[in-house]
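Open the model in your viewer and keep the selection panel at hand. The tour has two stops.

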Amino acid sequence: MNASKLGRWLPLAVFAALAVLLGAGVWLSRQSNRDALPSPLIGKPAPRFSLPVLHEPGRLATLDDFKGAPFVLNVWGSWCVSCRIEHPVLTRFAESKRVRVVGYNWKDERADALRWLDQFGNPFWMVLVDYEGRYAIDWGIYGAPETYLVDADGIIRWKHVGPLDDAIIREQLLPALAQAEAQR
């Protein structure tokens, strides 16, 4: 085939390849929860950490401090717009005292985090601080807000990326919590 004939067919071949890629993307996006970012940590031990406690300067908390009862770890920051949207929902959930809700203040200044909690309320049983984001990589944190359910044995049972709402708590978090408690 000479170069002029090849030049005529090249745009058609490129178009066909793009059409196949587009079709594959549409087909793959038919799954119901296509926005979910799967976590390889589900069913595995939570990463170990030693982090400062926001309201108790000088105190470090570790994963061992939380074992014995399940807890919800909520990643947030004063700089996070979606965290403001989520906060009233998280507060209502925490007030139910169904499970300990632990804050994971990520890449924030201490004064900003304290001011934010003073302004919007503190629903957290304890607030851990990861100023540099050192442990965020181990947890697979993509951004804020994110929420994890860790069972009494320190195993991650559930993860949600993005702001919580009442439906997510009712339809996903609470059933995951009930299942984690039943496995004990």
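In which strand does E146 lie? Select residues 146-150: this is strand β6, and E146 lies in it. Helices (H or I, at least four residues) and strands (E, at least two) are DSSP runs, numbered from the N terminus. The model is predicted, so local features need pLDDT of at least 70 and side-chain atom pairs count only at pLDDT 80 or more, while totals for chains, interfaces and linings use all residues. Residues are numbered from 1 along each chain as its sequence is written, and side-chain values use heavy atoms, with hydrogens and water left out.

Stay on E146. Its relative accessible area is 0%, which makes E146 buried (under 20% relative accessible area; exposed is over 50%, partly exposed in between; 1.4 Å probe, protein chains only).

Next, show the polar atoms of the E146 side chain. One of them lies 2.5 Å from the backbone nitrogen of Y142. The side chains of E146 and Y148 are joined by a polar contact of 3.1 Å (a pair of N or O atoms within 3.5 Å; within protein, one must be able to donate a hydrogen and the other to accept it, and residues adjacent in sequence count only if both atoms are side-chain atoms).

Now move to C80 and C83. A disulfide (a pair of cysteine sulfur atoms within 2.5 Å) joins C80 to C83, with S to S at 2.4 Å. A search of the whole structure finds 1 disulfide. The angle about the S-S bond is 85°, and the link of C80 and C83 is right-handed. C80 counts as buried at 4% relative accessibility, and C83 counts as buried at 1%.
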